[in-house]
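Dear colleague,

Please find below the structure I am handing over to you. My notes on one helix and on several salt bridges follow it.

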Amino acid sequence: MRTVRFHQYGGPEVLRAEQVPTPEPGEGELLVEVDAIGVTLPVVRLTHGSPEGAGVPLPHTPGGEIVGRVAAIGPSASGWQIGQRVTGLAFSGAYAEYAAVSAAFMTPVPDAVDDHAALLVSRSGQVAWGALHAGGFAKGDSVLVTAAAGGVGHLAVQLAVALGASRVVAAVGDVAKAEFVRELGADHVVTYDQDDWGDPVDIVLDGVGGEVQASCLRALAPLGRLVSFNGVGGQVDVNELRMRGTAVIGFAMAHLAGLRRDVYERHQRELWRLHIDGRLRPAVHASFPLEDAAEAHRVIEARANRGKVVLVPR
């Protein structure tokens, strides 16, 4: 089968299309014939390694969100059918025509949902809703979303609107993205370099971190909550948090999916419903053939995307 992997660390140029044997599903795994793959910022960063020299064993086939059909069922992976449409997360081996993935991280796709929508709603949508949940969102709260034009961010804006936020602020790195996020329902748009982000908000969903994180903290109202769901680390003055009664919360999808499975599954049902009802409109910035994975990574690195960047094996 065809796959894309890297043999050394570096930028998009290290990605290489190759032929490898088709994997066999192991214990509790499904073999999925992949129809589409979501490209994520953490995976793009993974190809660069880390300053400490840590990383994954090489060569490595990147992971990511996938959607496709069950081609084979491994031992103990009960309740699935050959040919069934599924979507979910492959921690590695996603950039390929076939992926062996843990059945625990897969979910069936309703007939009314197309491949690209399934790819976004099932993972980016889960991260967006999970981050809102982690921040204790309640109807009437005001919400600010950074990376608001990205794969998770553009869904977080729509979810906040659909769930009854009183005001939704979209923060972006380029003013050229302003119209895109307004069309999603954002009441106000700011850029990261603005000194004033407007009235304080109850919840910030931060997918950027770093220098932007300081602006996010300043944007919080007293008792407000910042939820970090992606991005690079930033310094937090805990005394400042205490004085203003604010909080910083870390959110990782794996913990919700693994430790709060009932919540995860309830969110998924609601996400499918919101999409089918037309209230959650996943946006695909561009689709690239599998062999052009390097170009897809360049789009993500340039932060040029409006919505999701997708790879298509066939």
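Helix α8 (residues 261-276) has 16 residues, which at 1.5 Å a residue should span 22 Å, and its end C-alpha atoms are 23 Å apart, which agrees. The expected span is 1.5 Å times one less than the number of residues; helices (H or I, at least four residues) and strands (E, at least two) are DSSP runs, numbered from the N terminus.

This is a predicted model, in which local features need pLDDT of at least 70 and side-chain atom pairs count only at pLDDT 80 or more, while totals for chains, interfaces and linings use all residues. Residues are numbered from 1 along each chain as its sequence is written, and side-chain values use heavy atoms, with hydrogens and water left out.

Among the buried residues of α8 are Tyr 264, Leu 271 and Trp 272. Buried means under 20% relative accessible area, exposed over 50%, and partly exposed in between (1.4 Å probe, protein chains only). After α8 comes Gly 278, with a positive phi near 85 degrees.

The term requires a side-chain nitrogen of Lys or Arg within 4 Å of a carboxyl oxygen of Asp or Glu. Arg 261 is partly exposed at 28% relative accessibility, and Glu 265 is partly exposed at 38%.

The count of salt bridges comes to 12. In one of them, Lys 308 pairs with Glu 65, their closest N and O atoms being 2.9 Å apart. Lys 308 belongs to strand β15 and Glu 65 to strand β4, so the pair ties together parts 243 residues apart in sequence. Both Lys 308 and Glu 65 are buried.

Yours sincerely
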